[in-house]
Amino acid sequence: MKENWTEVINPKRSIFDINFKEIWKYRDLIMLFVRRDFVSVYKQTVLGPLWLFIQPLFTTLTFFFVFNKIAKIPTDNIDPILFYLSGITLWNYFSDCFSKTSNTFVANAGIFGKVYFPRLATPISIVISNLIKLGIQIMLFVAIMLYQIMFNNVQININSHIFILPFLILLMAVMGLGLGIIFSALTTKYRDLSFLLTFGIQLLMYATPIIYPLSFTSGKLHSLISMNPLTPIMESFRYAFFGIGSFDWSGLAVTSIFSFSVLFLGIIIFNQVEKSFMDTV
Amino acid sequence: MEVIKVENLYKQYRLGQISTGSIAHDLNRWWHTVRGKEDPYEKVTGLNNRESSGSNNYVWALQDINFSVNQGEVLGIIGRNGAGKSTLLKILSKVTSPTKGSIKVNGRIASLLEVGTGFHPELTGRENIFLNGAILGMSKSEIRSKFDEIVAFSGVEKYIDTPVKRYSSGMYVRLAFAVAAHLEPEILIVDEVLAVGDAEFQKKCLGKMKDVSEQGRTVLFVSHNLVAVKSLCKQGILMERGSISFIGSAEETVEHYMKANAEQLNTFVSYDTRSNAPGNECIKINKIEVNPSNPFITDEIKIHFSFWNLTDDPSIFLAFDLIDLHEEVVFGSGFSFETGLDNLCHGTCIIPSDLMNDGVYSLQLYFNSSDMRLLLNIPSKIFFEVADKERNYAYFGKINGVVRPKLKWNVG
């Protein structure tokens, strides 16, 4: 008899046996997850999606008073409001991608335990729904920037490097997703990691030039912070808008290599864990 | 044509808390595999047996499972709780992976165990139909083309744009089932759906099962409900402690299951001498027997008692409570016994047919003197099961109530 099975269920799959075709087949599901995340978050709130604006604005104001007015950390001659808002907007995207994908398995154990679909659909949908959020917040950033130019005489210097913006965002998405799924695979067994992650991300923010410019640091600290793969992204973003700071192709190249390697490694680990995580979660 | 082929399937589980020591086990396991050796924890894995606790923390939830299913077959899988049925289904639906062995599948598998999976309470019925459908593997266009049908089947048109958290639980289940029912899989898994939901819902599920099998598609039906298995399935598999103990027609499989169960039961106790018999200085139990040993609800059940009366009282009043598995007293009955030869008292109680509900029962015994002083109160070691019969109407669930008498109805 001819053996033509549509599917064979085996104990283990080889490391590189990643079914991208299947993920593509489930693209409708990914988009529905994105929709679900977006629609369900603001249901039964009075302000609804306005929270997308309120949160970065208030954080910016807090940073402005704490770090600029009290701690007197300079912002490289960039308008402090725009400086912080740009940092927070970008950082939020990275940290949301990272932290929200990092509990994929634990948070979805109920649904994963009952039905099969490619598990990567969940973290991918998180990255996409955060991308929409980022888009809205960048519009906010532009609006505030226009306001500052018109009413507060703030000088900015948007230059051709602005065209690299989509690539910067892609790098952050890739890095956040990669790190997130690595952690999600490990937290199924060792929950300790989720505690580590919460303050780890916080610490990472202070190791990234969000509330201070890279030029503010010097010596050993400077080279340490330069090594942070997120640093070139932040610096390039500000350079593109304000023409101040550093723009370093080689730094971006290193970040790109790092990001894609992390994602590659993440997909491999995730792919191995997703088959049997139900037994350990 | 074979649509499912399960070969040498094993599934290992780790018992107890997974925390301390798991890093050490993982490292040890990894060290053995890099050197090309066998998994050190595979050898020490115990049998799937809940009654006896093994000396180690690993257990085979499934052991050497082999079977195949042909297209259009309705296969019933039965077994006690913990026999491995659910584990098998989880592997079949790719929720978890086997430890060893393989399953080959031809066609899309869908399972009615996923009814309502992924429903988000904040989303409307319409949004949830799309989300749930996509989770179950349908594409957006597929759902769109069946949308009206799904809504009509569910009967919640009026509330389709209301968040499902406002739905009654019945509406919720109906909508969820409507989505699952329009999945059109080649292989359908039905797991204990009969246990939940009302009679109407059961009817729909079973109707859907019949439709699916009549269209030449395959159904795997997992249930405790022997009546439903016998009535709906052609083939059967009996699972016991993680392995298959019988494969055959549904009828034979159910018989095997009942026989295996009956071995766990105890319908006969007998003691030859007074010294080893249970009791006290007044009463010693000689013999208790339930006849027939595995009765149906339609059978008359005779319980024979025999005991030694060691008191001077010429008559003893014996009463018993009939207790079900929920420790609930179904009813009590008693009668006066005259002491015969060798201080022995004999008597039989007859429980009429069509009175008891199906289930497992035990007896609590009370021995009283003729002036109704309690002499001995003792649980008997008797456990007997009253089994249900096939039915020819659509409801296969357990009929409610501690008893199930056959009553006279006048209609018209």
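In the predicted model, Lys94(B) lies in the loop that connects helix H3 (85-92) with strand E4 of chain B. The phi angle of Lys94(B) is near 65 degrees, a positive value in a residue that is not glycine. For chain B the mean pLDDT is 82, and 85% of its residues reach 70 or more, while the complex is given an ipTM of 0.79 and a pTM of 0.74 by the predictor.

Strand E4 of chain B, which covers residues 100-105, also takes part in pairing between the chains, as 3 bridges join it to E1(A) in an antiparallel arrangement. Within this pairing, Ile9(A) has Ile103(B) in E4(B) as its bridge partner. Taken over the whole interface, 26 residues of chain A are in contact with 33 residues of chain B. On the side of chain A that touches chain B, the elements that give two or more residues are strand E1 (7-9) and helix H2 (27-41) of chain A, and H2(A) supplies the largest share, with 6 residues. By class, the residues on this side of chain A comprise 12 nonpolar, 6 polar and 8 charged.

Elsewhere in chain B, 4 strands form an open sheet in the order E14-E13-E16-E17, with antiparallel pairing. The edges of this sheet are strand E14 (329-338) and strand E17 (374-386) of chain B, each of which pairs on one side only, and neighbouring strands are turned against each other by 20 degrees on average, direction ignored. Within the sheet, strand E13 (residues 315-324) and strand E16 (residues 359-368) of chain B pair in the antiparallel sense over 8 bridges; one of the residues involved is Asp324(B), whose bridge partner in E16(B) is Tyr361(B).

In chain A, helix H4 (residues 80-101) packs with helix H8 (residues 165-187), their axes coming within 7 Å and crossing at roughly 25 degrees. Because this angle is under 35 degrees, H4(A) is described as roughly parallel to H8(A), and H4(A) passes H8(A) in a right-handed crossing. From H4(A), the contact involves Leu90(A), Tyr93(A), Phe94(A), Cys97(A), Phe98(A) and Thr101(A), which meet Met172(A), Ala173(A), Met175(A), Gly176(A), Leu177(A), Leu179(A), Gly180(A), Ile181(A) and Ser184(A) in H8(A). The residues of this contact divide into 11 nonpolar and 4 polar, with no charged residue.

Helix H4 of chain A also packs with helix H11 (residues 231-242) of chain A, at an angle of about 135 degrees and with the axes 10 Å apart. H4(A) is therefore oblique to H11(A), and the crossing of these two helices is right-handed. Ser86(A), Gly87(A) and Leu90(A) of H4(A) make this contact with Ile233(A), Met234(A), Phe237(A), Arg238(A) and Phe241(A) of H11(A), and by class the contact of H4(A) with H11(A) has 5 nonpolar, 2 polar and 1 charged residues.

Note on methods
Residues numbered from 1 in each chain as written. Chains lettered and ligands numbered in written order. Predicted model: local features only at pLDDT ≥ 70, side-chain atom pairs only at ≥ 80, totals over all residues. Pairing = 2+ DSSP bridges. Axes fitted to C-alpha atoms, helices over the stretch in contact; angles between N-to-C directions. Parallel < 35°, antiparallel > 145°, perpendicular 65-115°, else oblique. Left-handed = near helix turned anticlockwise from the far one by under 90°. Contact = placed C-beta atoms within 7 Å. Nonpolar A, V, L, I, M, F, W, Y, C, P; charged D, E, K, R; others polar. pLDDT = per-residue confidence, 0-100.
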